[in-house]
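Trainee: Could you show me how to read a few features of a protein model? I would like the general idea, then the case at hand.

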Amino acid sequence: MEQTLSIIKPDGVAKGVIGEVIKRFEGAGIKIAAMKMIHMTKAQAQGFYAVHKERPFFDSLTDFMSSGPAVVMVLKGENVIAKNRELMGATNYKEAAEGTIRKDFATDIEKNIVHGSDAPETAEFEINYFFNSFEIAG
């Protein structure tokens, strides 16, 4: 069984779409192995997004991700990374397919409701950033 990290970003929490996002995961047969609400500090957001530190959007992204509470989850299932990315839709919500989370709820390329790991190696780093082994169910 593959695992991936999903984040409902501060805009998704503020819009009150936590339940809708979870409903879409569960409706697609994805299991939630761990979940908690957090409020990252700027330093924590910078650590999580360190891979992007040289990119021009790094400061605005880490400001946004530390601007309010977010829900972090470990998702589990067959091909869950690809399934989650399909459900989320393209990073740019204007290019996202109809019926995807980002198409339905995002307001700009940064405030795009959700984050999901893009590869098994990324998922491992991201899951370990927020969860220890005792917090993840079977």
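Mentor: Let's begin with accessibility: buried means under 20% relative accessible area, exposed over 50%, and partly exposed in between (1.4 Å probe, protein chains only). This is a predicted model, where local features need pLDDT of at least 70, side-chain atom pairs count only at pLDDT 80 or more, and totals for chains, interfaces and linings use all residues. Residues are numbered from 1 along each chain as its sequence is written, and side-chain values use heavy atoms, leaving out hydrogens and water.

Trainee: Into which class does Phe57 fall, with its 29% relative accessibility?

Mentor: Phe57 counts as partly exposed because its relative accessibility is 29%. Contact means heavy atoms within 4.5 Å; leaving aside neighbours within four places in sequence, Phe57 is in contact with His52 and Glu110.

Trainee: Is Asn112 buried or exposed?

Mentor: Asn112 is buried, at a relative accessible area of 1%. Beyond its neighbours within four places in sequence, Asn112 has contacts that include Lys9, Asp11 and Thr91.

Trainee: Which residues does UniProt list for "binding site"?

Mentor: UniProt positions are given in the numbering used here, feature names are shortened, and annotations may be inferred rather than shown by experiment. In the unreviewed UniProt entry, "binding site" covers Lys9, Phe57, Arg85, Thr91, Arg102 and Asn112.

Trainee: How close do Thr91 and Asn112 come?

Mentor: A polar contact is a pair of N or O atoms within 3.5 Å; within protein, one must be able to donate a hydrogen and the other to accept it, and residues adjacent in sequence count only if both atoms are side-chain atoms. Here, a polar side-chain atom of Asn112 lies 3.1 Å from the backbone oxygen of Thr91.
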